[in-house]
Structures are given as structure tokens and as C-alpha cells.
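Trainee: Before I plan anything around this protein, I would like to go through its fold with you. Could we take it piece by piece?

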Amino acid sequence: LVADGMGGDAPREGEAKDDAATTMHLDTIASITEAFRAANARIRNLARRLEQATGTTATALMLFAHEVVVGHVGDSRAYLCRGGEAHQITHDHSLVQRLIDMGHFRPNEMEYGMPRNYLYRSLGQADDLEVDTRVIKTGAGDTFLICSDGLWDLVSSDEIREILSSERTPQECAEELVRRANAAGGYDNSTALVVRFVAR
């Protein structure tokens with residue numbers, strides 16, 4: 001047994017790298033959170049000048065070599081398509097979603113008894129803002145979608161999966177998603193941004 005008298009456990013292989021990655025995650029999450037809060041403050045100031053309520057939703061991705069950091073407030077959404085399956089990776093901050101979480105409604109129920117766009121959290125709603133964040137490991141072929149509620153309310157999850165997992169380019173995927181939302185009624189703004197990770 002050899003001891004150096006310093007106490008504590010010796011660093012495991014890869015531990016320093018893990019610490020560096022953790023620091024990067026914390027710094028990145030802090031940066032994206034601060035950006036959301038700065039935008040919220042500007043919107044709140046605008047509302048005071050206009051003397052009327054104003055606000056917006058926001059969903060953002062910060063892209064790195066093998067990771068994505070997601071920031072989210074409101075009911076715009078982010079999806080990840082991987083291996084032919086698409087998953088929603090944000091959680092709607094709407095009253096309908098809150099009631100679904102509490103078991104009062106079923107997902108995809110036709111009538112909820114209130115508009116889907118009643119939000120309990122958005123930019124501009126209050127001076128203090130809580131921002132949802134998460135870090136996702138990425139791989140070649142992973143495709144991310146950010147979209148407004150005017151799109152996901154009219155384009156089904158199955159259609160989103162089919163389009164994102166197709167051979168279309170990211171630009172073509174975004175255009176097809178908006179086209180289908182418009183064809184289904186297009187009663188609200190339909191915005192789509194698609195990003196795909198490729199092998200190098």
C-alpha cells in the first residue's frame with residue numbers, strides 16, 4: 001500500500017474529463033437561462049410602455065459536437081427523431097397540459113373545455129422566469145425539430161415522425177411540415193426549424 005498523505009480517493013480515469021463536461025453544461029445552461037431572462041425583461045419593459053400585456057413562447061437549442069442543450073418556456077415544442085421514432089423533448093406550459101398531468105384530461109382528447117393556448121408560463125408573463133433546460137447526447141442521424149403550436153396542433157405526431165425520419169433534407173422537412181399545417185387549416189402561425197446531425 002502506497003499513500004501520499006493527501007487524503008481522499010485518487011481520481012478515476014476519465015474523472016477530470018467528466019468534471020470539465022459538467023462545468024461546460026452548467027455554464028451553457030446558465031447562458032441559455034440568462035438569455036431567456038434577458039428577453040423576458042425586455043418584453044416586460046415593452047408591456048409597461050405599451051400599457052398592455054404582451055408576451056411570447058420560446059424554445060431554443062444550443063448545439064455542440066455531441067450534445068444539445070435545450071431551453072424552453074411556453075408551448076412551442078422541440079422534438080427529437082432517432083432511429084425512426086420521434087419524441088417530444090419539451091413539456092408544454094399550458095393549462096391543458098397541467099390538467100392532463102393531473103389526470104383530468106386524456107392526451108389527444110378532442111375537447112378540453114378551454115383553449116389549448118392558455119399558458120401558465122411564458123416570456124413577458126411575470127418578472128421572474130423559470131426556464132426548463134436539459135442536455136441531450138446526440139449521434140449521427142439525430143434530427144431535431146423546433147416548432148410553434150400552430151404547427152404541432154395541426155400536424156400529428158405520426159406525421160412529424162414520418163417527415164423527420166424520411167430522406168428529405170432538413171429544409172425540405174421544415175417546408176413539408178408547414179405545408180401540411182397549412183393544408184390542415186393553417187389557422188395560426190406555423191413555424192418549423194429542423195436540424196440534423198451527420199457523421200464526419
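What follows is a set of questions and answers on a predicted model.

Trainee: In the open sheet of four strands, which strands stand at the edges?
Mentor: The strand order is β4-β3-β6-β7, and the pairing is antiparallel. A strand at the edge has a single partner, so one side of it is left without a neighbour in the sheet. The edge strands here are β4 (85-88) and β7 (192-196).

Trainee: How many bridges join β3 to β6, and which residue is the partner of Cys81?
Mentor: Strand β3 covers residues 77-82 and strand β6 covers residues 143-147; they run antiparallel and are joined by five bridges. Arg77 has Cys147 as its bridge partner in β6. For Cys81, the partner in β6 is Thr143.

Trainee: On the β4 side, which residue in the turn of the hairpin has a positive phi?
Mentor: β3 and β4 pair in the antiparallel sense over four bridges, and Tyr79 stands opposite Gln88 in β4. The hairpin they form has two residues between the strands. The residue in the turn with a positive phi, about 60 degrees, is Gly83.

Trainee: What is the order of the open sheet of three strands, and what does its twist average?
Mentor: The order is β1-β2-β5, with antiparallel pairing. β1 (58-63) and β5 (132-137) are the edge strands, each pairing on one side only. From one strand to the next, the twist averages 15 degrees.

Trainee: Which residue in β2 is the bridge partner of Leu61?
Mentor: β1 and strand β2 (residues 67-73) run antiparallel and are joined by six bridges. In β2, the partner of Leu61 is Val70.

Trainee: Are α4 and α5 roughly parallel or antiparallel to each other?
Mentor: Helix α4 (residues 157-164) and helix α5 (residues 170-183) pack at an angle of about 155 degrees, with axes 10 Å apart. Angles over 145 degrees count as roughly antiparallel. The two helices, α4 and α5, are therefore roughly antiparallel.

Trainee: Which residues of α5 make the contact with α4?
Mentor: On the α4 side the contact is made by Glu159, Ile160, Glu162, Ile163 and Leu164. By class, the contact has five nonpolar, no polar and four charged residues. On the α5 side the residues are Cys173, Glu176, Leu177 and Arg180.

Trainee: Which strands does α5 lie across?
Mentor: α5 runs at about 150 degrees to β7. The strands that α5 lies across are β6 and β7.

Trainee: How far apart in space are Leu129 and Val73?
Mentor: Leu129 is in the loop between α2 (95-101) and β5, and counts as buried at 7% relative accessibility. Among the residues it touches, not counting those up to four places away in sequence, are Phe36, Asn40 and Val73. Leu129 and Val73 are 56 residues apart in sequence, and C-alpha to C-alpha they are apart by 8.7 Å.

Terms used: Residues are numbered from 1 along each chain as its sequence is written. This is a predicted model: local features need pLDDT of at least 70, side-chain atom pairs count only at pLDDT 80 or more; totals for chains, interfaces and linings use all residues. Side-chain values use heavy atoms; hydrogens and water are left out. Axes are lines fitted to C-alpha atoms, for helices over the stretch in contact, and angles run from 0 to 180 degrees between N-to-C directions. Angles under 35 degrees count as roughly parallel, over 145 as roughly antiparallel, 65 to 115 as roughly perpendicular and the rest as oblique. Contact means heavy atoms within 4.5 Å. Ala, Val, Leu, Ile, Met, Phe, Trp, Tyr, Cys and Pro count as nonpolar, Asp, Glu, Lys and Arg as charged, and the others, Gly among them, as polar. Two strands pair if DSSP finds at least two bridges between them. Buried means under 20% relative accessible area, exposed over 50%, partly exposed in between (1.4 Å probe, protein chains only).
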